[in-house]
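Here are my notes for you, point by point. Keep the viewer open as you read.

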Amino acid sequence: MRAERTQTKQDRAVRTRRAILEAAAVVFEDRGYGAAKLTDIVRLANVTKGALYFHFESKEDLAQAVIEAQFSMRAPVVPQEFRAQEFIDVGMVLSHRLRHDVLMRGCARLALEQQGREPDRTAPYQGWIDLHTELMVQAKEHGELLPHVDPSGPSRLVVGAFAGLNVMAQTMGLDLDREISALYTSVLPSVVVPAVADRLDTAPGRGARVLHGPNEAFGCDCSATQPVLTSCPPAPREPVGATAPAN
């Protein structure tokens with residue numbers, strides 16, 4: 001009985017923390033870090049100020065938790081035939097989730113703000129750069145990249161361009177998914193060997209298809225829970241030696 005009560009309290013604490021994080025993300029996205037008020041977050045989360053301070057020491061601590069939440073919630077990369085496709089899928093899945101996941105959008109707003117030094121806004125950028133670079137290194141090892149390509153170059157370019165396109169899409173009312181699709185369609189042919197480039201899927205809706213299967217509708221909602229990841233069974237990952245020998 002005591003164990004059940006303990007588990008119930010723990011579950012309630014997890015739900016409360018999640019509610020606070022989601023409310024904070026809404027307020028940060030709407031008003032930015034500087035103008036956000038803890039009283040508004042408490043009201044939106046429907047919790048007491050004591051509950052908020054039980055989980056988070058300050059507004060800065062709460063904002064940092066929103067930023068870090070995107071990595072704890074990040075969907076694993078689904079194995080594909082080509083590492084270059086996995087490189088694309090990281091951004092396409094993020095684009096899809098930005099449309100549906102308030103924590104992702106709150107984090108994006110916080111990361112783009114330039115006022116002050118706190119919270120640490122470098123972590124999201126560096127985290128995504130590191131993930132992209134890791135996939136590009138693997139792609140190079142498998143002979144998928146053109147000989148002159150440094151794996152870190154396209155990684156930094158895509159992350160920076162993604163951030164800029166996200167701001168532009170919000171400002172101009174554009175479809176971010178289509179803008180990111182155009183980004184990969186433009187960049188990848190100058191990075192990967194032609195035999196691979198011809199087989200990459202950069203079409204709008206790729207993120208939804210990766211998360212929910214090839215027949216999923218473009219506008220599906222993935223905000224409620226971590227989705228079950230599905231994809232076609234990956235083919236054996238052999239170097240594309242016939243086209244460009246691996247270095």
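1. Helices (H or I, at least four residues) and strands (E, at least two) are DSSP runs, numbered from the N terminus. By that rule the protein has eleven helices and zero strands. Bear in mind that this is a predicted model, where local features need pLDDT of at least 70, side-chain atom pairs count only at pLDDT 80 or more, and totals for chains, interfaces and linings use all residues. Numbering runs from 1 along each chain as its sequence is written, and side-chain values use heavy atoms, with hydrogens and water left out.

2. Next, burial: "buried" means under 20% relative accessible area, "exposed" over 50%, and "partly exposed" in between (1.4 Å probe, protein chains only). Of the 247 residues, 46% count as buried.

3. Now find R83, in helix α5 (residues 83–100). R83 is buried, yet has no salt bridge (a side-chain nitrogen of Lys or Arg within 4 Å of a carboxyl oxygen of Asp or Glu). E86 is the nearest side chain of opposite charge, 4.3 Å away; here Lys and Arg count as positive, Asp and Glu as negative, and His and the chain ends are not counted.

4. What does the side chain of R83 make a polar contact with? The partner is the side chain of Q138, at 2.7 Å. Such a contact is a pair of N or O atoms within 3.5 Å; within protein, one must be able to donate a hydrogen and the other to accept it, and residues adjacent in sequence count only if both atoms are side-chain atoms.

5. Helix α7 has several buried residues, among them W128, H132 and M136. After α7 comes G143, with a positive phi near 75°.
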